[in-house]
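Me: Hey, can you help me look through a structure? I'll paste it here.
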Amino acid sequence: MKMNSNKNIFRTIVQLIFFVLVFLVVLSHSLEEVGIVFPLIEGASLHAICPFGGVVTIYQFITTGAFVQKIHEASFYLMILVFISAIIAGPIFCGWVCPFGTFQEWIGKIGKKIFNKKYNNFIPKKIDFLLRYLRYFVLVWVIVMTAVSATLVFSTYDPYYALFNFWTGEVAITGFISLGIIIILSLFVERPFCKYACPYGALLGLTNLFRIFSIKRNSSTCISCGHCDNVCPMNIEISNKDIVKNHQCISCLKCTSENKCPVDATLQLNMKIPTKENNKFALNYKKSAIFVLLVIGGGIFLLMSLGLWKTESSKVPIKFESGEFAGLANPADIRGSYTFEDIENNFEITADILAQAFALDTSEKAAQLYKAKDLEMIYGAIENLEGEVGTDSVRLFVSLYLGIPYEAEETTLLPSPALNILRDSSAINEEEFQILKSRSISPSLIDGHSEMLDQEPHSDTTLYGELEIKGKTTFDDLLDIGLEMSIIEEIMGFKIDNSSKTIRDFAIEKGLEFSDYKIELQNLINNM
Ligand code: SF4
Ligand code: SF4
């Protein structure tokens with residue numbers, strides 16, 4: 001028998017490495033807006049390095065050859081690496097790598113201090129047992145909805161996304177609500193999101209049924225003390241099993257003889273039933289740390305060396321592989337970050353035609369610089385717009401113009417000049433024109449539209465004026481480009497005492513919708 005040696009430190013170090021890495025990726029993504037880039041992780045975002053993104057995009061990839069928006073090759077390869085690690089050692093990704101699991105553990109430490117032994121034992125066993133299958137419903141819902149909508153539906157509710165993006169202004173209120181619920185629950189229950197809601201944990205949990213290394217108990221040396229049951233964060237009853245096949249095990253090793261089990265070589269993550277002789281087949285803390293760093297970290301390093309680790313769009317859309325359109329670029333893969341010039345380079349359509357279709361400045365320099373996603377903001381200025389003019393409108397227009405099939409979202413609108421171009425170029429007939437008319441919008445509804453077209457062509461970093469309002473834009477920035485405080489105050493409807501404050505923070509403080517005021521102020525700048 002031995003004393004608790006607590007070699008948990010290896011797991012803590014690995015958890016910290018991945019937590020900091022993910023934080024740096026997200027920070028770098030935010031700082032890119034102000035021109036600061038971190039080497040190696042330039043262009044990456046949380047979506048781009050999420051292995052679950054690779055899972056939800058499988059259907060889209062098989063049926064269209066394209067990834068779901070914001071998902072890139074990196075997510076796909078990471079999904080494969082995590083799957084390999086899970087076949088070998090179960091959901092070790094959940095227990096050692098996932099920063100949101102780590103975050104819940106840290107909150108849980110406070111809960112343990114407050115409630116001591118009662119912690120993680122509040123929910124009646126029967127209810128808890130049923131709740132643990134909830135995450136499979138979430139998994140099915142996410143996969144189906146992502147396949148149907150071709151967008152990352154879960155990010156709207158994802159507490160992990162909310163935690164790592166709370167300062168960006170990109171998190172939906174539902175994301176913040178989920179995060180708040182998980183933080184509160186973590187004070188009572190260990191890893192509540194992992195247990196009850198995580199769709200990726202649900203999927204990886206299935207590998208517990210067939211993994212190569214699993215938690216195994218030697219019943220002949222076990223003294224039935226129950227320490228392993230008490231320490232398990234996932235409340236698994238280990239002391240009466242020879243092999244733990246529970247779908248919730250996360251390979252954290254807390255229960256093992258190296259940590260809580262008081263008898264040497266009795267409970268291990270092992271290929272065989274633990275004995276002193278079988279020690280060599282066990283994955284202890286140290287070996288597990290090396291394994292995780294080798295498979296996940298080493299895998300990423302290898303992919304980088306081979307040039308396969310891509311965290312941003314290559315600006316080259318996927319091509320149709322077979323059928324009538326084989327070899328042609330697929331409009332479905334046009335991303336919001338594509339400029340009209342990128343689209344011109346990949347499709348038989350000029351930036352000038354695109355600018356005409358969307359009623360923008362058609363001078364060559366300006367037309368080429370517009371990004372597909374710029375349309376959301378430009379047309380978002382129209383009040384009570386039922387639908388959206390944005391990236392999907394560009395996809396729809398390009399597909400109709402070139403006669404390539406594409407099914408646009410129901411809410412996608414086209415500006416009236418786009419319809420006229422399609423009819424005049426015989427891309428659509430009169431009947432199709434009339435049908436599309438019901439989902440068209442007049443650009444004249446955009447405030448200051450005619451003045452907008454008289455503007456000098458914008459640079460890559462500006463929209464129309466010299467400043468694009470973002471979450472970090474302060475009132476001082478507006479004053480610097482020549483706006484008067486009285487006009488800003490008139491728009492905001494409040495006196496502004498501190499001009500160094502960001503517009504976003506000010507709006508939140510006053511209970512205003514930042515997006516509404518952002519559009520109004522941007523229009524003012526654009527029309528200066
Ligand atoms: S304590 Fe043991 S059984 Fe429980 S999750 Fe961790 S490794 Fe699995
Ligand atoms: S902690 Fe070890 S000795 Fe105690 S019940 Fe679990 S396996 Fe048996």
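Me: How many nonpolar, polar and charged residues are in the shell around ligand 2?
Reply: Keep in mind that this is a predicted model. The shell around ligand 2 has eight nonpolar residues, four polar ones and one charged.
Me: And which residues are the closest to ligand 2?
Reply: Those are Cys222, Cys225, Gly226, Cys228 and Cys261, out of 13 residues that surround ligand 2.
Me: OK, switching to helices. At what angle do H6 and H10 pack?
Reply: About 45 degrees, with the axes of H6 (residues 99–115) and H10 (residues 173–186) 8 Å apart. That angle makes H6 oblique to H10.
Me: Which residues meet there, H6 against H10?
Reply: From H6 you have Phe100, Phe103, Gln104, Ile107 and Gly108, and they meet Leu179, Ile182, Ile183 and Ser186 of H10. By class, that contact has six nonpolar residues, three polar and no charged.
Me: New topic: how many aromatic pairs are there in the whole structure?
Reply: A search finds 20. Take phenylalanine 19 and phenylalanine 164: their ring centres are 5.3 Å apart and their planes are at 55 degrees, so the pair is tilted. Phenylalanine 19 is in helix H1 and phenylalanine 164 in helix H9, so the pair ties together parts 145 residues apart in sequence.
Me: Are those two buried or exposed?
Reply: Both phenylalanine 19 and phenylalanine 164 are buried.
Me: Which residues form the aromatic cluster?
Reply: Phe19, Phe100, Phe103, Trp106, Tyr160, Phe164 and Phe193 form one cluster.

Key. Residues numbered from 1 in each chain as written. Chains lettered and ligands numbered in written order. Predicted model: local features only at pLDDT ≥ 70, side-chain atom pairs only at ≥ 80, totals over all residues. Heavy atoms only, no water. Near = heavy atom within 4 Å. Nonpolar A, V, L, I, M, F, W, Y, C, P; charged D, E, K, R; others polar. Axes fitted to C-alpha atoms, helices over the stretch in contact; angles between N-to-C directions. Helix = DSSP H or I, 4+ residues; strand = E, 2+ residues; numbered from the N terminus. Parallel < 35°, antiparallel > 145°, perpendicular 65-115°, else oblique. Contact = heavy atoms within 4.5 Å. Phe/Tyr/Trp six-rings, centres within 6.5 Å; stacked < 30°, edge-to-face > 60°. Buried < 20%, exposed > 50% of the residue type's maximum accessible area, 1.4 Å probe, protein only.
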